[in-house]
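Please consult the sequence and the structure shown here while reading.

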Amino acid sequence: MESEIALRRKIEETNSLLRATIESTADGILVVDKEGKVSFYNQKFLDMWQIPDYILFTSDDETLLNYVLDQLCSPGEFMQKVVELYNRPEAISLDSLAFKDGRVYERYSQPHKIDDNF
């Protein structure tokens with residue numbers, strides 16, 4: 001029992017350190033699972049895309065996509081790349097996103113693998 005408690009504590013500490021590290025990066029991070037549900041994001045991602053918290057509380061990537069499309073100069077190209085990445089979960093991608101307000105961000109996408117499974 002004591003070793004189980006120690007293991008849980010170690011997992012909590014590791015998760016806390018991971019969260020602090022991800023929140024301290026200058027990059028916006030979004031993780032979407034194979035079912036199109038948002039499974040993880042950081043505050044920088046919300047700030048970059050000007051996304052209110054309530055949008056992500058749904059955990060639905062479609063709701064999120066519909067919210068951000070109006071901000072982009074080329075929403076069709078953006079969606080084309082999203083569909084391509086969803087259809088090829090092993091793909092790695094780097095592109096630039098131009099916003100109507102003049103902002104430009106690089107978008108880097110890579111698969112999330114566990115034991116060689118996507």
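Glu 4 and Arg 8 both belong to helix α1 (residues 2-24), where a spacing of four residues separates them by about one helical turn. In this predicted model, their side chains form a salt bridge with an N to O distance of 2.4 Å. Side chains of opposite charge can pair when their charged atoms come close.

Both partners have intermediate accessibility values. Glu 4 has a relative accessible area of 41% and is partly exposed; Arg 8, at 45%, is likewise partly exposed.

Another salt bridge connects the side chains of Asp 101 and Arg 103, at 2.8 Å from N to O. Arg 103 is buried as well, its relative accessibility being 18%.

Strand β1 (residues 30-32) pairs with strand β2 (residues 38-41) in the antiparallel sense, and three bridges connect the two. Within this arrangement, Leu 30 is opposite Tyr 41 of β2.

Five residues lie between the strands of the hairpin, in which Gly 36 adopts a positive phi near 80°.

## The largest nonpolar core

In soluble globular proteins, nonpolar side chains tend to be buried together. Here, the largest nonpolar core contains 17 residues, of which Trp 49, Ile 51, Leu 64, Leu 72 and Phe 78 touch the most other members. At least two residues of this core come from each of the helices α2 (43-49), α3 (53-57), α4 (61-68) and α5 (75-87). Helix α2 gives the most, with four residues.

Which residues does Leu 72 touch, not counting those up to four places away in sequence? The contacts of Leu 72 are Trp 49, Phe 78, Leu 97, Ala 98, Phe 99 and Lys 100. Among them, Trp 49 and Phe 78 also belong to the group that touches the most other members of the core.

Terms used: Residues numbered from 1 in each chain as written. Predicted model: local features only at pLDDT ≥ 70, side-chain atom pairs only at ≥ 80, totals over all residues. Heavy atoms only, no water. Salt bridge = Lys/Arg side-chain N within 4 Å of Asp/Glu carboxyl O. Buried < 20%, exposed > 50% of the residue type's maximum accessible area, 1.4 Å probe, protein only. Pairing = 2+ DSSP bridges. Core = buried A, V, L, I, M, F, W, Y, C linked by side-chain atoms within 4.5 Å. Contact = heavy atoms within 4.5 Å.
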